[in-house]
Amino acid sequence: MRQWLADIAYETTSGPKRIRETFYLPTQKDVRREVSKRGAYVLSIREYKRSPAERVLARSSWWQIQLLRGIMFRSSSTSPGVALWKLIEIESNPMRQNILAPAREALSQGLGVIDALKTLRIFDRSTIAILAASEKANKLREGIPHAIETITQKRKNTRAMGGTMAWLGFDVFSITQSLFWGKDLVLKWFHDNKPTDPQELAEFDRVVGNLELLWNVLIVTALAAGATLIWCILSFFYNRGKKDWPTARFVRSIPLIGAYLRDLGFADSMSVCARMIRGRVPISDALLQASESTNIPDIATYWKEAHDDLGRGVSLGQALDREPLRRNERMELAGLSDLTQLATIMDAIAEMRAQAGKTKHSLIVWLAFAITGLYLVIAFGSAIFGLTVMNMSLDSMMGGLLGGAM
């Protein structure tokens with residue numbers, strides 16, 4: 001499904017009338033077919049692309065929370081789908097109208113509120129899964145505060161991580177900039193003031209060569225790390241809502257960060273599944289919805305394989321007792337006896353995984369401090385070492401001057 005902007009011509013009693021409408025359909029042929037049903041003619045069709053400003057607004061946590069709160073407040077006296085429709089109808093800001101256009105088209109075609117929210121492509125998979133689970137339990141209005149709390153917590157984690165990385169990045173940038181701009185001046189001075197003694201000259205050239213190599217390695221390392229970080233940030237921003245993509249696989253391959261993301265993925269999916277079980281959603285549907293709540297492939301595979309085993313007649317405990325769950329988690333699931341107990345166990349696992357994620361988050365921050373500190377120590381140490389090389393050159397110059405005077 002894609003968003004299209006079509007210029008359409010209608011025949012009226014006063015002559016042809018040209019208007020522009022938004023359609024949310026798979027292909028251009030579908031758009032032309034829809035326009036023909038209305039007895040109109042297509043003048044031009046183009047796929048709508050959001051501007052950078054619209055992307056920033058749509059994918060900001062502030063906008064997501066405001067939209068969910070608007071649905072929650074208006075759904076007290078009507079259905080959530082009607083509440084979203086009214087919210088779209090009263091919107092007067094053109095930028096927000098463009099963002100909400102796919103949801104309006106989806107609702108006009110008879111789709112539900114969750115499908116309409118999916119078309120916006122602004123919520124991550126865990127948030128959509130929480131809302132879908134609440135809707136399946138006929139408690140969407142009660143589930144919205146939980147989704148808002150999840151968005152808020154993720155925003156706090158992102159800000160904490162971003163603030164730490166920004167501070168460390170500023171330190172590294174300052175040192176790297178000093179090395180980048182001062183390297184050529186310092187090395188030029190060394191080459192212009194070499195010792196005259198042959199033995200000292202050989203030692204001097206070796207030391208200056210190693211120093212130049214070290215500074216080049218430090219600069220290239222800092223530039224590569226900065227480019228990789230920027231690439232990851234932009235990739236995650238533009239690919240939000242997708243199941244998997246190369247940058248996400250690269251980030252998950254980093255040991256500590258991959259484990260941190262898996263903990264968060266299990267915390268979200270376990271919480272979603274527990275919520276649906278308490279809402280009396282069929283267990284097979286709950287497992288499938290849990291697999292859709294995460295973009296971590298091995299976690300999604302866990303839920304799908306459990307669903308498949310359950311469909312083959314395997315007991316629920318055995319179906320859920322599999323990797324990548326930890327040993328203690330598998331032992332608790334293997335001995336369950338009813339669905340009420342299962343919901344309690346899943347909530348406990350979600351809480352433990354969330355706590356483990358917080359611990360790994362702290363470790364990532366401290367490890368970043370340690371790596372940055374090591375980089376700064378090497379940079380400062382090489383600068384101090386450069387002063388000793390300068391003293392070597394000065395001593396040789398002074399020795400030559402004194403020898404010439406005597």
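**View 1. Strand 1 and strand 2 of the predicted model.** Strand 1 (residues 2–12) and strand 2 run antiparallel and are joined by eleven bridges. Strands (E, at least two residues) and helices (H or I, at least four) are DSSP runs, numbered from the N terminus. Tyr 10 stands opposite Lys 17, a residue of strand 2. This is a predicted model: local features need pLDDT of at least 70, side-chain atom pairs count only at pLDDT 80 or more, and totals for chains, interfaces and linings use all residues. Residues are numbered from 1 along each chain as its sequence is written, and side-chain values use heavy atoms, with hydrogens and water left out.

View 2. Helix 11 covers residues 255–278, and its 24 residues should span 34 Å at 1.5 Å a residue. The expected span is 1.5 Å times one less than the number of residues. The end C-alpha atoms of helix 11 are 35 Å apart, which agrees. Just after helix 11, Arg 280 takes a positive phi of about 65 degrees.

View 3. Cys 232 is buried, with a relative accessible area of 12%. Cys 273 is also buried, at 0%. Buried means under 20% relative accessible area, exposed over 50%, and partly exposed in between (1.4 Å probe, protein chains only). The structure holds zero disulfides, a disulfide being a pair of cysteine sulfur atoms within 2.5 Å.

Terms used: Pairing = 2+ DSSP bridges.
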